Amino acid sequence: MGSMADVETAKRNAAIRAVADHFNPSARYVGIGSGSTIVHVVEAIKAIDDDRIARINFVPTGYQSRQVIYNAGFQDVKFDSLPKGVTIDVAFDGADEVDEDLNCIKGGGACLYQEKLVATHAKKFICVADHRKLQSRLLSKWPSIPIEVEPLACRSVIERLESLGSHKPSIREGHMQKAGPVKTDQDNFIIDAPFSTLLLPKDIELSNSLHPTHTGLEGNGEDGKWEVEKLAREIKSIEGVLSVGLFFGMNGEEIEKAGKRVGGQKPVAAYFGMEDGSVVVRKTGETERTLPPIQG
């Protein structure tokens with residue numbers, strides 16, 4: 001594992017590549033997510049010499065990202081102030097973990113609800129992260145699924161999560177002693193729910209093809225085995241849950257092809273800065289590729 005300086009360099013490299021590929025200075029609305037990686041995204045945008053950027057409305061996913069936008073000298077607009085019918089041109093955000101199918105775990109920074117609002121209202125969501133977040137399956141390294149919950153419902157939600165197979169779900173506490181539970185920008189609590197490594201549909205298909213005479217694996221929690229989308233929908237159905245930190249299903253481009261305007265959760269592409277300076281790119285429908293280190 002490299003030093004934190006190496007990790008920050010990896011994040012910066014991923015941000016530079018992602019912005020070069022997906023930022024258009026003529027865009028009207030650009031989503032800016034939360035977390036340390038996004039600082040590098042904003043810096044990469046700021047480094048572009050184009051007067052049109054001053055006319056862009058940047059849509060933050062919370063207080064922290066609004067400050068990053070403000071400090072860069074950009075113009076911000078709150079999500080609930082977007083004009084009727086407007087779709088965000090592109091949204092850049094990080095992730096806590098990303099799998100082979102571009103499903104994401106998000107919410108380590110407690111901004112998952114606003115992050116999901118912005119992602120689902122963007123024509124395309126671009127994920128920017130470092131090599132630690134690049135995994136084949138969700139919950140390979142990241143320990144739990146963040147869930148935003150109305151405070152009064154926390155106990156009943158925890159009981160239901162335990163019945164679904166979560167191993168000791170708990171309310172996230174602040175870092176300072178006696179600080180109490182972490183509160184989101186909506187004054188809700190975050191429950192971190194550990195589960196076993198999540199399956200992809202192809203895992204279920206492979207298992208059933210290898211064992212055709214056995215009762216088929218469905219990914220509905222049998223023996224603690226959940227498929228990403230099935231678990232996400234099950235948790236979202238619990239009374240008191242505002243948002244689940246699993247980003248799954250279609251992406252923005254797929255939503256548009258289906259004749260819809262909003263609703264895509266997954267990124268169109270994900271950029272991961274590696275320890276050797278290269279950047280790995282996962283993109284829907286394409287083979288994973290590695291871009292060489294940035295020169296200069």
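**View 1. Cysteine 111 is a buried residue.** Its relative accessible area is 14%; buried means under 20% relative accessible area, exposed over 50%, and partly exposed in between, with a 1.4 Å probe and protein chains only. This is a predicted model, in which local features need pLDDT of at least 70, side-chain atom pairs count only at pLDDT 80 or more, and totals for chains, interfaces and linings use all residues. Residues are numbered from 1 along each chain as its sequence is written, and side-chain values use heavy atoms, with hydrogens and water left out.

View 2. A disulfide is a covalent bond between the sulfur atoms of two cysteines. Here it is called when a pair of cysteine sulfur atoms lies within 2.5 Å. A search of the whole structure finds 0 of them. Cysteine 111 is in no disulfide, and its nearest cysteine sulfur, in cysteine 127, is 15 Å away. Cysteine 127 is buried, at 0% relative accessibility.

**View 3. Strands E5, E6 and E12 form an open sheet.** Strands (E, at least two residues) and helices (H or I, at least four) are DSSP runs, numbered from the N terminus. The order is E5-E6-E12, and the pairing is antiparallel. Strand E5 (97–98) and strand E12 (246–247) stand at the edges with a single partner strand each, so one side of each has no neighbour in the sheet. Two strands pair if DSSP finds at least two bridges between them. Strand E6 (residues 104–105) is joined to E12 by 2 bridges. Cysteine 104 stands opposite phenylalanine 247 in E12.

**View 4. Strand E2 pairs with E1 and with E3.** Strand E1 (residues 29–32) runs parallel to E2, with 4 bridges between them. Tyrosine 29 has asparagine 57 as its bridge partner in E2. E1, H2 and E2 make a right-handed β-α-β unit. Right-handed means that, with the strands pointing away from the viewer, the path from the first strand over the helix to the second runs clockwise. E2 also pairs in the parallel sense with strand E3 (residues 75–76), over 2 bridges. From E2 the chain crosses through helix H3 (residues 63–71) to E3, and this β-α-β crossover is right-handed.

**View 5. Both faces of strand E2 (residues 57–60) are covered.** In a regular strand the side chains alternate between the two faces of the sheet. Asn57 and Val59 are buried on one side of E2, and Phe58 and Pro60 are buried on the other.

**View 6. Helix H4 (residues 112–120) is largely enclosed by the rest of the structure.** How many of its 9 residues are buried? The count is 7. Among them are Leu112, Gln114 and Val118.

**View 7. The largest pocket holds about 310 Å³ of space.** Of its 18 lining residues, the closest to the centre are Ser34, Gly35, Asp96, Gly109 and Lys133. A pocket is an open set of points on a 1 Å grid over the protein atoms alone, where a 1.4 Å probe fits, with protein on both sides within 12 Å along at least five of seven lines; lining residues have an atom within 4 Å of a point. Helix H2 (36–46) and strand E7 (125–130) each supply at least two lining residues.

**View 8. Lysine 168 lies in a loop.** The loop runs between helix H5 (154–163) and strand E9 (170–171). Lysine 168 is exposed, at 73% relative accessibility.

Methods. Grid points are joined across faces, edges and corners, and a volume is the space filled by probe spheres set on the points.
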